[in-house]
Amino acid sequence: RTGASAPMRLFVFKPAGWTAQDKRPALIHFFGGGFTHGVPTQAVGWAKHAAQLGLIGIAADYRVKDRFLTDATACVADARAAVRWLQEHAAELGLDPAKLVVSGSSAGGHLALWTAITATPPGGDPAEAPLQKPAALILMSPACDSSVATGQRAERFGPNPDAYSPQQHLDAKMPPTLLFHGDTDTIVPF
């Protein structure tokens, strides 16, 4: 992804025996960090593990406030654009876009949810929206609700935070979702 102060990259881990002619399942993971901090190395373990299981593993980067001086709307845009890019480049990556699993932790879970929501949030580019929903979502302590009334971190989403709260914008049909959340999580409400 260009246009940021530094390029946004997807770090791709290919399984043993990979060829460009494959149509393998893939997993992309978005790190957490409250939309303010974090680096893609936090997602590398997930990507490497996926590759060990025979999938293509992807550790995604996205613009966070501490590194790029952006608000959380840029994070959502980057996540949606990352999934779109993977879908558009599936043939050269040897992946099956219909078997793309999106995962994320905390803020990354928020981003994973937005890759499965059809509507483009305000200010987003519909040309960067995913071409199809992920095959599944894996969410760890996701920040599902960022609305002003009932959520958290609304102040990180600029002038229209409710438009970026995934819980209030879920499609009638969402992908199968595996959600992990501990009841003693002190950061994201249970």
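I take axes as lines fitted to C-alpha atoms, for helices over the stretch in contact, with angles from 0 to 180 degrees between N-to-C directions. The model is predicted, so I required pLDDT of at least 70 for local features and 80 or more for side-chain atom pairs, while totals for chains, interfaces and linings use all residues. Residues are numbered from 1 along each chain as its sequence is written, and side-chain values use heavy atoms, without hydrogens and water.

**Helix pair.** I looked up helix 3 (residues 72-88) and helix 5 (residues 107-114), whose axes come within 9 Å and cross at roughly 55 degrees. Helix 3 is therefore oblique to helix 5 (under 35 degrees is roughly parallel, over 145 roughly antiparallel, 65 to 115 roughly perpendicular, the rest oblique). Helices (H or I, at least four residues) and strands (E, at least two) are DSSP runs, numbered from the N terminus. I then listed the contacts (heavy atoms within 4.5 Å): C75, V76, A79 and R80 of helix 3 meet H110, L111 and W114 of helix 5.

I traced 6 strands in an open sheet of mixed pairing, ordered 1-3-2-4-5-6; two strands pair if DSSP finds at least two bridges between them. Strand 1 (10-13) and strand 6 (177-180) are the edges, each with a single partner strand, so one side of each lacks a neighbour in the sheet. The twist averages 15 degrees from one strand to the next.

I next examined strand 2 (residues 24-30) and strand 3 (residues 56-60), which run parallel and are joined by 4 bridges. H29 stands opposite A59 in strand 3.

**Helix on sheet.** I noted that helix 1 (residues 41-52) lies across strand 1, strand 2, strand 3 and strand 5 (136-140), at about 170 degrees to strand 3.
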